[in-house]
Amino acid sequence: MSGNSKLRRQWLRWRFHLSALLVLIPLGFMPHYFHEAKLDRGLRGLGEREIGAVQVGPWTARMAEWEVGEPEDEGRAGFVKAFTLAFCDSCYPQVKAAYLRIGQPRSLRAAGGLFAGARHQQFAEVTIPPRVTPADELWLTVEGWDGAVHQAQIPLDKASPSLVAWLEKTRSNR
């Protein structure tokens, strides 16, 4: 009986310490949480390499290459490259959708990858066509709630120098 009560006393004494430890463990992860929360609010930038401001009709957007480097191989879909976009605060309520693709779209139905995500950082993946050249352009297509469609072109060498270098490397290997 005394062994059981001694064990109980130790448990009661260390229960407090375990409770404090359970409170302190999440506090260790708080800096990482706040660092990631800045990303959602656009306070940490858009990506690894900012492209800069792009004027699309009456709207202004900031664009960035999400990760500098070669495009990712998505298997059957081919190679893709991720880009991010953020419209100005006054522009955002007027924009219905934004799309991104390499080469001029034939219609709004073929406008490319749809930007989606948080207000201050939207993501789109662009499929790299097999016959793309370093001289091609990214086309940003923006549709407003009023039905207006505006487009802007961004040269590939300005949008993603790493993609152009990858294209030149793969062309020389053929």
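This is a predicted model: local features need pLDDT of at least 70, side-chain atom pairs count only at pLDDT 80 or more; totals for chains, interfaces and linings use all residues.
Leu-140 is buried, Leu-22 is exposed, and Glu-74 counts as partly exposed.

**A buried residue**

- Leu-140 belongs to strand β9, which covers residues 137-144, and its relative accessible area is 0%; because buried means under 20% relative accessible area, Leu-140 falls into that class.
- Leaving aside residues up to four places away in sequence, Leu-140 touches Val-54, Val-56, Met-63, Leu-85, Tyr-99, Leu-100, Phe-115, His-150, Gln-151 and Ala-152.
- Between Leu-140 and Ile-102 there are 38 residues of separation in sequence, while in space the two are 8.9 Å apart, C-alpha to C-alpha.

**A nonpolar surface patch**

- Trp-11, Leu-12, Leu-18, Leu-21, Leu-22, Ile-25 and Phe-29 together make a nonpolar surface patch of about 730 Å².
- Leu-22, one of the residues in this patch, is found in helix α1, which spans residues 2-40, and with a relative accessible area of 62% it is classed as exposed because that class begins over 50%.

**A negative surface patch**

- Glu-67, Glu-72, Asp-73, Glu-74 and Glu-125 form a negative surface patch.
- Glu-74, a member of this patch, sits in the loop that runs between β3 (72-73) and β4 (79-87).
- The relative accessibility of Glu-74 is 38%, so this residue counts as partly exposed, a class that lies between buried, under 20%, and exposed, over 50%.

Conventions
Residues are numbered from 1 along each chain as its sequence is written. Side-chain values use heavy atoms; hydrogens and water are left out. Patches are made of residues with over 30% relative accessible area and no salt bridge: like charges are joined within 9 Å, nonpolar side chains (Val, Leu, Ile, Met, Phe, Trp, Tyr) within 5 Å. Accessible areas come from the Shrake-Rupley method with a 1.4 Å probe; for residues, only the protein chains shown count as cover. A salt bridge is a side-chain nitrogen of Lys or Arg within 4 Å of a carboxyl oxygen of Asp or Glu. Lys and Arg count as positive and Asp and Glu as negative; His and the chain ends are not counted. The place of a charge is taken as NZ of Lys, CZ of Arg, CG of Asp or CD of Glu. Helices (H or I, at least four residues) and strands (E, at least two) are DSSP runs, numbered from the N terminus. Buried means under 20% relative accessible area, exposed over 50%, partly exposed in between (1.4 Å probe, protein chains only). Contact means heavy atoms within 4.5 Å.
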